[in-house]
Amino acid sequence: MTKNILKMAMMLVAMMLPHMAFAQKQTFALYDEPTGCPDWEPELTVFVAKNPNGMAILACPGGGYQGLAMDHEGFNMADWFNAQGITYGVLRYRMPHGDKTVPLADASKAMCIMRSHAEEWHIDKIGVMGSSAGGHLASTL
């Protein structure tokens with residue numbers, strides 16, 4: 001019985017550790033005024049590392065420039081990055097609808113927001129990554 005209680009306690013701690021890895025989650029609108037985007041307004045969600053190591057990542061989820069895989073190519077990776085001491089931002093960017101500059105403008109604005117909080121979040125270096133179309137956007141940025 002003692003083994004089972006110990007095993008259950010270890011499982012509980014293992015399940016809670018990733019959620020204790022980040023201290024705060026903040027969401028920022030990219031623009032002061034609504035963009036009129038037919039899909040959604042662009043925003044940046046930042047998971048600030050509890051024990052920052054000076055690094056941050058801006059993640060651009062994929063979706064073929066038709067939609068966004070915000071969970072499995074964005075939010076679901078926050079705990080892992082935060083556990084490494086990396087502040088992690090997830091960008092919800094607008095779809096191009098024929099204007100390829102639209103997602104790039106959103107990514108540029110998100111990077112500016114992260115840079116403007118660098119001192120507050122103890123960031124020395126900011127990288128960018130993406131999945132699929134988000135990878136294209138990251139490499140363009």
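Which residues have the most contacts inside the largest nonpolar core? They are L44, L58, Y88, L91, Y93 and W121, in a core of 31 residues. Such a core is a set of buried Ala, Val, Leu, Ile, Met, Phe, Trp, Tyr and Cys residues joined through side-chain atoms within 4.5 Å. Buried means under 20% relative accessible area, exposed over 50%, and partly exposed in between (1.4 Å probe, protein chains only).

A quick note on the model: it is predicted, so local features need pLDDT of at least 70 and side-chain atom pairs pLDDT 80 or more, while totals for chains, interfaces and linings use all residues. Residues are numbered from 1 along each chain as its sequence is written, and side-chain values use heavy atoms, leaving out hydrogens and water.

Among the elements giving two or more residues to the core are β2 (43-49) and β4 (87-92). Helices (H or I, at least four residues) and strands (E, at least two) are DSSP runs, numbered from the N terminus. Six of the seven β2 residues are buried. β2 pairs with β4 in the antiparallel sense over five bridges; pairing takes at least two DSSP bridges.

Now for the two salt bridges, each a side-chain nitrogen of Lys or Arg within 4 Å of a carboxyl oxygen of Asp or Glu:

| Pair | N to O distance |
|---|---|
| R92 and E43 | 3.4 Å |
| D106 and R94 | 2.7 Å |

R92 sits in β4 and E43 in β2, so their bridge ties together parts 49 residues apart in sequence. R92 is partly exposed at 23%, and E43 is partly exposed at 24%. D106 and R94 are both buried.
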